[in-house]
Amino acid sequence: MTAYIINPNSTEEMTEAMLGAARRAAPALHWEGRTARGAPPAIQGAEDGEAARPHLLREVRAAAEHGASGILVGCFDDTALHTAARSVACPVIGIGQAAFHHCALRQWRFSVVTTMPVSIPVIETNIAGYGLDGHLARVRASGVPVLDLETARDLATVRIVEEAVAAIREDGIDAVILGCAGMVNVIAALRSTLSIPVVDPVEAAAGCLPWLLGPVPDRREPQLNASQ
């Protein structure tokens with residue numbers, strides 16, 4: 001089975017980082033990545049999401065035409081997810097969607113640590129739309145621009161850790177969700193620092209896709225036993 005992770009922004013480095021995380025989370029699947037060329041280099045808020053929408057939907061259709069068994073939308077805002085999921089036959093999962101449901105299934109109260117304040121309304125609306133706002137404590141902005149996760153990673157990591165620590169201290173939560181696909185590069189630092197679970201949305205989405213697809217066929221040659 002071939003699964004695709006589609007980056008709705010045009011930054012190739014982010015696609016590669018997400019692809020690596022997906023492969024580690026669900027190694028039984030064959031993973032491919034696609035980047036929405038022509039879209040903004042980062043998605044920060046509703047305006048960027050709307051600009052990325054046609055480019056993302058083009059890549060979703062292309063992945064389906066190439067035989068995708070399942071598709072992940074690699075933006076925490078779940079850009080154009082409803083339209084994407086209804087435009088192709090295979091399952092299409094948003095990484096934000098998967099992270100929120102992961103926490104809900106564990107009965108965890110969570111806070112989200114995202115990038116810029118402009119992203120907060122989109123994330124809050126999505127959580128409410130999934131019916132999971134009862135599990136949400138707060139969506140917090142770290143003040144880290146998305147592209148700084150690639151170009152200024154050390155400073156970005158410090159600021160994200162600080163916001164996550166504040167969430168643990170102030171929000172009464174069981175878990176922290178990292179609210180940006182680009183944070184896949186800082187997950188190790190967060191998990192080594194924080195005292196509660198840290199949910200990586202790419203990992204959460206990739207990990208649940210095999211369950212949606214069913215058993216992955218065993219391509220090995222059958223072994224004959226002595227009685228055959």
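Just after helix α5, G131 adopts a positive phi of about 75°. Helices (H or I, at least four residues) and strands (E, at least two) are DSSP runs, numbered from the N terminus. The structure is a predicted model, in which local features need pLDDT of at least 70 and side-chain atom pairs count only at pLDDT 80 or more, while totals for chains, interfaces and linings use all residues. Residues are numbered from 1 along each chain as its sequence is written, and side-chain values use heavy atoms, with hydrogens and water left out.

The pLDDT is the predictor's confidence in each residue, from 0 to 100. Its mean for the chain is 92, and 94% of the residues reach 70 or more. Over residues 219-228, however, the pLDDT is below 50, and this stretch has one contact in the model beyond near neighbours in sequence. Contact means heavy atoms within 4.5 Å. Where pLDDT is low, the predicted coordinates should not be read in detail.

Helix α5 itself spans residues 120-129, and its buried residues are I120, V122, I123, N126 and I127. Viewed down the axis of α5, these buried residues fall within an arc of 165°, so they line one face of the helix; the arc is that of the directions from the helix axis to the C-beta atoms. Buried means under 20% relative accessible area, exposed over 50%, and partly exposed in between (1.4 Å probe, protein chains only). The exposed residues T125 and G129 are carried on the face of α5 turned away from its buried side. The cover over the buried residues of α5 includes the helices α2 (46-65) and α4 (95-105), together with the strands β5 (110-114), β6 (136-141) and β7 (175-179).

Helix α4 also packs with helix α9 (residues 201-213), at an angle of about 85° and with the axes 8 Å apart. Axes are lines fitted to C-alpha atoms, for helices over the stretch in contact, and angles run from 0 to 180 degrees between N-to-C directions. The helices α4 and α9 are therefore roughly perpendicular to each other. In this scheme, angles under 35 degrees count as roughly parallel, over 145 as roughly antiparallel, 65 to 115 as roughly perpendicular and the rest as oblique. On the α4 side, I95, A98, A99 and H102 meet P201, V202, A204, A205 and C208 in α9. The residues of this contact divide into eight nonpolar, one polar and no charged. Ala, Val, Leu, Ile, Met, Phe, Trp, Tyr, Cys and Pro count as nonpolar, Asp, Glu, Lys and Arg as charged, and the others, Gly among them, as polar.

Positive phi values also occur in residues other than glycine. In the loop between α4 and β5, Q107 has a phi near 60°; Q107 is exposed, with a relative accessible area of 61%. The phi of D78 is near 55°, and D78 is found in the loop between β3 (70-73) and α3 (81-87). D78 is buried, with a relative accessible area of 6%.

Two further residues belong to elements that cover α5. D48 lies in helix α2 and, at 22% relative accessibility, counts as partly exposed. Not counting residues up to four places away in sequence, D48 touches P40, A42 and I43. A141 lies in strand β6. Leaving aside neighbours within four places in sequence, A141 is in contact with T114, T115, M116, P117, I120 and E163.
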